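Good morning, and thank you for coming. Please have the display in view as I speak.

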Amino acid sequence: MTPDDVNRYNLEGNKLAKKAQSAVKGSAFGNLFSSKSQRVDDAIELYKRALDNYKLAKNWIECAAINQECAMLSAAVGESRDAATFSVEGGDFLMRAKEEEKAVGLYKEAVENFKKNGAFDQAAAQLKKIGEYYEKEIEPEVAVEYYKSAADMYSLAKYHQTDSSKLKLKVAELYSQQFENPSRLKEAIKTYEELADEYLSNNLMRFHAKDILVKATIIFLVLDDDIGAEKSLDKYLDMDPSFNNSYEAKFLRNIIKACREKNSEEFSDAVAQLMKRTTIENPMKQMLGYIKQSMGKTQALEGDDNPL
């Protein structure tokens, strides 16, 4: 696209946006024969045409501004769900323009309007999006609050319990990485245990409970509490009898023993055996690395084939 093309699209967008503004105001005579709702509908149609031109010009700031205008007009005539949709689209354009904080503001507006309409799943989706932004910005505490709110919203929506559970897992995962914050680590354990209970009561999900309980047990070792780890493991094995004879249970028993004896070689051997059976995800890898460092090792996990 040439600069002339960009300029032409922007000029056309500006012209249509001005027409839309005039359509909202109407005229003294014309207003006698048209309702406010009709004028808003006409204006929004013109704004949408302006938006198409700004998109072609890749003028994301103006695209966002158009969506904000449409959101305000929709809200003014009681169409809060449409207002929410326009706010989401405006936020997405601001993200493309690298105006992330402003985008978050529009997502928050969308959340409130979706909630007014009982569109809890859509409100949750925006809260999750905000949480992902703050996680990317390395602000885990802020991210967690939005993930929690998103999980709550999903729990209010039909057929979205799985989405709610996934976000609770995300919260527990973020808490589990705060190695110097015992209260957060304990919250992670509590969340994992609650989710395991949920999973075990659901025949479709119960197979995944074991993975969660493994993480909960490891967090006790991050807390340097091998006694708590052992007691909890016994409790978890009672909760899920299929867990008892698994290689994961054997692995946990071995690392609990290694931690109690401060035997870093035995700990590494146990991790190496586990890695032969399964891929260790990064959050668990980080926990195991922290435990090993606490046992005197100076180097954390590096690479999937390094057992610590």
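Predicted model: local features only at pLDDT ≥ 70, side-chain atom pairs only at ≥ 80, totals over all residues.

**Pockets, core and overall form**

Let us start with the second largest pocket, whose lining consists of Lys148, Ala151, Asp152, Lys168, Val171, Tyr175, Glu187, Lys190, Thr191, Glu194 and Glu198. Two or more of these lining residues come from each of helix 7 (140-156), helix 8 and helix 9. Helix 9 gives the largest share, with 5 residues. By class, the lining holds 7 charged residues, 3 nonpolar and 1 polar. The space in this second largest pocket is about 220 Å³.

We turn now to the largest pocket, which holds about 440 Å³ of space. Which residues lie nearest its centre? They are Asp211, Ile212, Lys215, Glu281 and Met284, out of the 20 residues that line the largest pocket. Helix 8 (161-176), helix 9 (182-200), helix 10 and helix 12 (247-261) each contribute at least two residues to this lining. Here the classes divide into 10 nonpolar, 7 charged and 3 polar residues.

Please find isoleucine 218 on the display. Setting aside neighbours within four places in sequence, isoleucine 218 contacts Phe251, Leu252, Ile255, Met284, Met287, Leu288 and Ile291.

Finally, let us consider the whole chain. How many helices and how many strands are there in the chain? There are 14 helices and 0 strands. Why is the chain described as more spread out than a compact globule? Its radius of gyration is 27 Å, whereas the globule rule gives 19 Å for 308 residues; the value for the chain is well over that figure, and therefore the chain is more spread out than a compact globule. Along the principal axes, the C-alpha atoms fill a box of roughly 90 × 45 × 30 Å. Of the 308 residues in the chain, 44% are buried. Among contacts between residues at least 6 apart in sequence, 55% join residues at least 24 apart.

Thank you for your attention.

Notes. Residues numbered from 1 in each chain as written. Heavy atoms only, no water. Contact = heavy atoms within 4.5 Å. 1 Å grid on protein atoms, 1.4 Å probe; cavity = no way out; pocket = protein on both sides within 12 Å on 5 of 7 lines; lining within 4 Å. Points joined across faces, edges and corners; volume = space filled by probe spheres on them. Helix = DSSP H or I, 4+ residues; strand = E, 2+ residues; numbered from the N terminus. Nonpolar A, V, L, I, M, F, W, Y, C, P; charged D, E, K, R; others polar. Rg over C-alpha atoms; globule rule 2.2 N^0.38 Å. Buried < 20%, exposed > 50% of the residue type's maximum accessible area, 1.4 Å probe, protein only.
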